[in-house]
Structure formats: structure tokens, C-alpha cells
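Here is a quick tour for anyone opening this structure for the first time.

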Amino acid sequence: MMTISKVDNWEISSSSGMKYSQYVDWEKIDPEAAICYRKILSSDHYELKAMGRTGFWSMPHTLRSKAYQHIIHSIESTSTSADVDTYHGLVGKIFGEFQTSTHPFPKFMENGEIPRYCLNKAGLNAVKRILICINHHFPDVSFCPILSALVSLLLHFSEDEAQCFHSISSLLSYTDPLKHYIDRTFLTSHASCMIFGDLANKYCRGIWKLIASSHQNLFEFYSDWIMWIFADLPFAYAIRVLDVYLMEGYKVLYRVALALLSLYKVSMSSRVPHVDDFRQDMKNFVQNVGRHSTIDSLFQRAFSIQLPTRKELTYLFNANKDALIHKDIHNKSSFQDMGFRAFSSSVVTETEMRVVWAWIPERFALFSPVQLFATNVHGRSLSSFYSRVEGQDPTVLLLKTADEEICGAFLSSDWAQKNCDEKGFKFFGTGECFVFTLRPGVERYQRTVLQISGMSDKCSLMSTHVDRPTGVSQNQRCKFASFCTDPNIKFMAGDDETLFIGGDGGHALHLQADLSAGCSEHCDTFESPPLCRGCFKIQSLEVWGIQHSLSVPSLLSQ
């Protein structure tokens, strides 16, 4: 893939490129394509969605161009007012009559690089002009690294610069909360990246092992996810993704990136195990993905993944945004190293706790762990356990056996929900719960299908070991929440005499009232084997919560 990059500024030519096929009656040149286009015009949304996935309008070039304009027309009717005249007005204002001019990179670009794909020099010049006009017309777009690739791709199928500008403006302005196209700020881009991190941990099990074993940064690796698609994919693959993206929005990008990640993991099994730079290695892999999969096989893999619904993803997106705001993270420079320096545990090492923290949902992993309960401090009784952890969620339970085995669980819900009656224990929890082992082997167990709920009014609050300021409504607090209980799956239950984690086909963990012994069985809830040797004696047990800052930023309370 070729990119054009200048050190500080772009030199722009004011001459416009030729309009695509403006002198040709294309229906006479290719009657079959004209028939296909009439079918596109008569199809509803779901039929167009299926056409996009199968490459119905892939050939010829003009058919795809016509299809794109038809699809974007349905988007523009609810979004942008940026028309052809708007673009020409911006060009006249910004570039004037000069044949060449120099301009800073748009602020939403990280490094000024533009994927060139099949564009010639005039096309590359046009992309720069369009991006600079976008920068002036959308001053609130402050961080959007994929914008240059989208403009480049759309320009291949646009009649001229003005039409391409109008198309990208329609995507930027689209306001449906369940089907957005482009993140416009670092905050929203990072919230989407956090979703991908959660999905990758869920659906691409084991990839973290490859990276963590080399002591490379897993988060930095995931932060490139969207650039795998809109920078690294070869043109023939990228436009097929664009076909579906225009119909289905952002969700399809998660699918394709997960499919690429799973292919990468497969490729690693037949390669040298040591990789010096996983970020660069993944980039190289995507650029040469044709050696490993056709685009149709990649799509088959992508659409076989059972993702959460758009509504659930939107809920998670908003929860991630609020966690970032709460942590006061608005740009890269506001990131701080996770506070493990003062970490001390009788169960795990700091390195092992970092492994666990890499597994938990991204919106919680932003915060430092805080110890809520420890048997060597608070004694060995479930009553003491509950008194220390009720009112806190989520929590991480860590357990070391007398045989030096270490296992545990991430528990998304508050133990205050525990209850039992004549029918037995009331199980609660969410699909974000999982169990794990750290010694002798390191493994994480969680259902493959990510079940996110939480859109009801019964949201459970995130860990609240410090009081929140008054004036924040329950609905606002719920944006921080772990997702609500799924009544159909047995995640966690307990009373004063016993504690269960997992209850389908056996208990992943079953602890006695005096916290001196327990058992572990194969458990269908988490698709997990016994976490340690059957029945065991407990050497030490701890529960950790999430360390929050002491105040809610003003942006959250608005």
C-alpha cells in the first residue's frame, strides 16, 4: 500500500480533476450492469444489505459508483446540508486562484498519511483538497484517523471532488445513535476501541497470550484495529468492506477486524513464535491477507461471529465514554499509567494482577484495583466477606489453594443481590462474568456469545467505595453500570452458608461458610474445566474492587 506523506505541510494544486464518465451513456455500454442497477433501485434495505455482503455491485466500476450514490442518498436525507455549492464555496475561500498553496495537516489526522490505493497524482491532490475542506466545514471533528482512507476510497467512485465531499459529509453528519459511521473525537474513537478490546478478548481467545508473553502492550496493539481495515487492507478487500459498511454502519468494522485477528492467530501457529513488534507484524499480515484468505472467506468468518445487538453495543459505547470522562481522558496525553506501584497481595504477584486487569472489561480496566476483602486481614467467614463486598461491583475474586494453585473470577454484579427461598438459590450476574486460572496454567473462561443487557431500569452501579456527589441521577449513574442480570444463566449465587460461582452443569467455584475449603467442577456457565484439583483447602482469598476518582467531572453531570 502506498501512502503520501509530507513533513509539515501539503502542497495543493488548484486544478480540478476530470469528472468520471460525464460524457458517456453508460447503460448503452453495459446493459447488464444497467439491469443490475434497476434491481438495486427497486430493493429494500434488507435486500441491499444482502447484495452488499455478496458483492452484487462489485463489477463494473460504474455500477458500484451508482450503487454508492443511491445508498448515500438515503443517508443524506437525514443528515448533511453540505451540497455541491458548499464545496465550491469552500474551495474558492481556502485555495483562491493560486495554482499551488501550502496548508497544515487537518487536525483530525495523526500524521498526514493518505492511503493512495489506485489514485493517480491528480486523485491524491483531490483527496488533500477534500480533507482540508472537511477540516474547515466540520470544526468539531478533532480526531478521525480513518477519514483520509474513506475519502480516498469514495473518490474512486465519485463523479468529482464535490460529490465525494458531499458523500463523506453525509457519513459524518449521520445521527442515528444505533448506526453511526464515523467517530469524530478522540473520546468517541477510544470508546469504540475499548469495545473492540472487549470483543477481541471474548472472541479471539489466546491472542493476548501471544502479545503478553512478549511483554508488548496489548492495548496499543488493539488501538490499531480500525486502521487494519482503512489503511492496511488491499484495495480489492477494502472496497468490499466499504460496500457493506455503507449499508450497515460501524458494526461491520468490528466483524471484519475480529475476522482478521482470528486469521492472524491461525497464521501464528505455523510461524516462528517470537515476534519483536506485534503491531507491525499485524500490519504486514493485513497488507498481505490475500495469502491467507479470499475476501469471501473473510466475510464468511466475519458474519459467523454472533455479536451483541446494535442497541447493546450502543449502550456499551456510552458506558465507555462515561468511564473515559470520569477518568478525565480526552486525548492521548491524558492517559496515565495504571496504578499498580503500591499493589500488594498475598495471592497474586503484580504481574499476575496485570494479566487479570487486561481481561476485565475496558471501561473498568481504566481504574486501579482496590482491596475490599482478604482472609489474612478480615478473617475467614462468608458473613465478613459479604459485609466488605456488598455494595461494590464489579469485583475480582482471587483464591490460592494449599497446593499453590491460583484461580478466580470476575463478577459483574453486586453480592447484595444474593437471595434464596424455598425454591433454592437465586442466581444473578451478567454475561461479562468469567472465571480464570493463573497457576499452574494461565487461562480465561467465558461463554463465546457475549450477552450484554443493561438497557432496563435495573442497572447495577459500578464499584462505589466512595460516595458520589449528589445531583447525579440514577440514569446518569447507570451509564457507568455493569450490565444487568441475565435470569437465564447461573453466574453467581450465595447465602451465609455457601457461595457459588457458576451453576450450569456444575459449579466453577463452591466455597464453604468458613472460607477454609471449597470445590471446583466442570461448569457449562463458563465452558470451563475444574479450575483446580476438585476439592481443595484455601490458603488465602481476596476480593478486589475498582478504584474511582473522588469526583464526577462536570461534563458527566450535565
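The protein exposes about 23,700 Å², and carbon and sulfur atoms supply 51% of that area. Keep in mind that this is a predicted model. Of its 558 residues, 56% count as buried. Among the contacts with a separation of 6 or more, 74% are between residues 24 or more positions apart.

- Start with helix α7 (residues 147-155) and helix α13 (residues 235-248), whose axes sit 11 Å apart and meet at an angle of about 95°.
- That angle makes α7 roughly perpendicular to α13, because anything from 65 to 115 degrees counts that way.
- Which residues make the contact? On the α7 side they are L150, L153 and L154, and on the α13 side F235, A238, I239, L242 and Y245.
- Sorted by class, this contact of α7 with α13 has eight nonpolar residues, with no polar and no charged ones.

**Strand β16 and its partners**

- Next, find strand β16 (residues 535-547), which pairs with strand β5 (residues 368-374) in the antiparallel sense over six bridges.
- Within that pairing, S368 has Q547 of β16 as its bridge partner.
- Strand β6 (residues 395-401) also pairs with β16, again antiparallel and over six bridges.

**Two buried residues in helices**

- V252 belongs to helix α14 (residues 251-268).
- Is V252 buried or exposed? Its relative accessibility is 2%, so V252 counts as buried.
- Leaving out residues up to four places away in sequence, V252 touches V244, Y245 and F303.
- F303 is 51 residues from V252 along the chain, yet their C-alpha atoms are separated by 8.5 Å.
- Y245, touched by V252, is also one of the α13 residues in the contact with α7.
- R64 has its place in helix α4 (residues 61-76).
- With 3% relative accessibility, R64 counts as buried as well.
- What does R64 contact beyond its neighbours within four places in sequence? The list is W57, S58, F157, I239, R240 and D243.
- I239, in contact with R64, also takes part in the contact of α13 with α7.

**A partly exposed strand residue**

- Q512 is found in strand β14.
- Its relative accessibility is 39%, so Q512 counts as partly exposed.
- Q512 and T498 are 14 residues apart in sequence, and their C-alpha atoms are 5.0 Å apart in space.
- Setting aside neighbours within four places in sequence, Q512 is in contact with L382, E497 and A517.

**Backbone spots to look for**

- The peptide bond from M59 to P60 is cis, with omega near -5°.
- P60 sits in the loop between α3 (45-54) and α4.
- D393 and P394 are likewise joined by a cis peptide bond, with omega about 0°.
- Where is P394? You will find P394 in the loop between α21 (382-389) and β6.
- Y117 is not a glycine, but its phi is positive, near 50°.
- Y117 lies in the loop between β4 (114-115) and α6 (121-137).
- At 14% relative accessibility, Y117 counts as buried, because the cut-off for that is under 20%.
- L515 is another residue other than glycine with a positive phi, in this case about 50°.
- The loop that holds L515 runs between β14 (509-512) and β15.
- L515 has a relative accessible area of 0%, so it is buried.

Technical notes. Residues are numbered from 1 along each chain as its sequence is written. This is a predicted model: local features need pLDDT of at least 70, side-chain atom pairs count only at pLDDT 80 or more; totals for chains, interfaces and linings use all residues. Side-chain values use heavy atoms; hydrogens and water are left out. Axes are lines fitted to C-alpha atoms, for helices over the stretch in contact, and angles run from 0 to 180 degrees between N-to-C directions. Helices (H or I, at least four residues) and strands (E, at least two) are DSSP runs, numbered from the N terminus. Angles under 35 degrees count as roughly parallel, over 145 as roughly antiparallel, 65 to 115 as roughly perpendicular and the rest as oblique. Contact means heavy atoms within 4.5 Å. Ala, Val, Leu, Ile, Met, Phe, Trp, Tyr, Cys and Pro count as nonpolar, Asp, Glu, Lys and Arg as charged, and the others, Gly among them, as polar. Two strands pair if DSSP finds at least two bridges between them. Buried means under 20% relative accessible area, exposed over 50%, partly exposed in between (1.4 Å probe, protein chains only). Accessible areas come from the Shrake-Rupley method with a 1.4 Å probe; for residues, only the protein chains shown count as cover.
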